[in-house]
Amino acid sequence: MTISRDSELTNILLCTAISEPDNLVRMTPLVTPSWLTSQLNNPRTVILDATLPPVGVHPPVDTRANYLKQHLPHAVFFDIEEFSDHATSLPHMLPPADVLARDLSSLGISDQSSIIIYEQEGVFSAPRAWWMLRTFGASDVHILDGGLRAWIEGGFPTTSGPVALPSANFHANLDPTAIKNFAQIMKMIGGHAQILDARSAGRFSGAAPEPRPGLSSGHMPGATSVPFLDLTNQGRLKSPEELRALFSDKGIDIHQPITTTCGSGVTAAVIALALEIAGAAQVSLYDGSWAEYAQHPDAIIEKAS
């Protein structure tokens, strides 16, 4: 059964909400469950479950089915694959702006929406949805710290079944500075720019295989290995202080331009989110990532000796 906003439920939640600073969302991309309860009656609030199936798990996890079983009140399912570019064989690529504008409008997202994104477990795909929406001009986009698990552990109620929001008007305006392509990556390699790779240490070194058939593992010359799981602790991103220390220990200057990459452009967004939390201001993402780079005839692939 399709459900809509339930004012009685949100009034109950408001009574249990913990007061937090009004400027919380301006300080960090992350918001807490208790803060979110205070926003459920706000007609601008749109909550998205942006959970992708974890890579390498068989049989695949049906994240949409899990959403239908249990989700935050009023949350709609945001299928990252569905909202990607289907005109390319590369995975999860950004779609054309007009296509995304149409699809987000149909989902119920407007230019004025305050968007809160979460995932069902851990930190994996919600940052990709956050990055996508921001890259196309959404200015009020945040991630629920700890996701569905933190919401449940906080004692807040969930619901089930599909949610349909009224159609809205979203105008997508692509920020070209947020994205890098293969030609730009090659120039960055030649200029010894900062490139951070979110894949596992084994895939980066070449000791472990790539999950996509036909692709060599290894890394771009001069890239730095930052496995995305190293940025997390018990299903949440580490604190700003811990993240700054981690980047510093790897010799990364967060005050200089940084480009992130991974296998398919998803966990590269985890690094991008962590960099923003750490205070970096000039971060871009290589959308094609290793799925494109490793099969390009001009690519240079290094492996640990």
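This is a predicted model: local features need pLDDT of at least 70, side-chain atom pairs count only at pLDDT 80 or more; totals for chains, interfaces and linings use all residues.

Visitor: What makes the protein chain agree with a compact globule?

Guide: For 305 residues, the globule rule gives a radius of gyration near 19 Å, and the protein chain has 19 Å, so the two agree. Along the principal axes, the C-alpha atoms fill a box of roughly 60 × 40 × 40 Å. The protein chain has 12 helices and 12 strands. Buried residues account for 52% of the 305 residues. Of the contacts with a separation of 6 or more, 77% are between residues 24 or more positions apart.

Visitor: Why is the pair of D79 and R64 called a salt bridge?

Guide: The cut-off is 4 Å between a side-chain nitrogen of Lys or Arg and a carboxyl oxygen of Asp or Glu. The closest N and O atoms of D79 and R64 are 3.2 Å apart, so the pair qualifies under that cut-off. D79 sits in the loop between β3 (76-77) and α5 (97-107), while R64 belongs to helix α4 (residues 63-69), so the pair ties together parts 15 residues apart in sequence.

Visitor: What does the pair of D287 and R128 tie together?

Guide: D287 and R128 form a salt bridge with the closest N and O atoms 2.8 Å apart. D287 lies in the loop between β12 (283-286) and α12 (289-293), and R128 in helix α6 (residues 126-135), so the pair joins parts that are 159 residues apart in sequence. D287 has a relative accessibility of 5% and counts as buried. R128, with a relative accessible area of 0%, is buried.

Visitor: How do you know that R244 and E241 form a salt bridge, and where do they lie?

Guide: The closest N and O atoms of R244 and E241 are 3.7 Å apart, and the cut-off is 4 Å, so the pair counts as a salt bridge. R244 and E241 both lie in helix α10 (residues 240-249), 3 residues apart, about one turn of the helix. R244 is partly exposed at 34%, whereas E241 counts as exposed at 52% relative accessibility.

Visitor: How many salt bridges does this rule give?

Guide: The count comes to 12. Salt bridges also link D197, R199, R203 and E210 in a network.

Visitor: Why is the pair of Y67 and F77 called tilted?

Guide: Rings pair if their centres lie within 6.5 Å, and planes count as stacked under 30 degrees apart, as edge-to-face over 60, and otherwise as tilted. The centres of Y67 and F77 are 5.4 Å apart and their planes stand at 45 degrees, so the pair is tilted. Y67 lies in helix α4 and F77 in strand β3, so the pair ties together parts 10 residues apart in sequence. Y67 is buried at 3%, and F77 counts as buried at 9%.

Visitor: What makes F182 and Y293 an aromatic pair?

Guide: The centres of F182 and Y293 are 5.7 Å apart, with 45 degrees between the planes; the limit for the centres is 6.5 Å, so the rings pair. The pair links distant parts of the chain, with F182 in helix α8 (residues 182-190) and Y293 in helix α12, 111 residues apart. F182 counts as buried at 10% relative accessibility, and Y293 is buried at 0%. Ring pairs link F182, W290 and Y293 into a cluster. The structure holds 6 aromatic pairs.

Visitor: How do you know that the charged end of R199 sits over the ring of W290?

Guide: The charged end of R199 is 4.1 Å from the centre of the W290 ring and sits over that ring. The distance limit is 6 Å, and the charge must also be within 35 degrees of the ring normal.

Visitor: Which residues of α5 are buried, and what covers them?

Guide: The buried residues of α5 are L100, A101, D103, L104, S105 and L107. Their cover includes β2 (45-49), β3 and α6. After α5 comes G108, which has a positive phi near 105 degrees.

Key. Residues are numbered from 1 along each chain as its sequence is written. Side-chain values use heavy atoms; hydrogens and water are left out. Helices (H or I, at least four residues) and strands (E, at least two) are DSSP runs, numbered from the N terminus. Buried means under 20% relative accessible area, exposed over 50%, partly exposed in between (1.4 Å probe, protein chains only). Contact means heavy atoms within 4.5 Å. The radius of gyration is taken over C-alpha atoms; the globule rule is 2.2 Å times the number of residues to the power 0.38.
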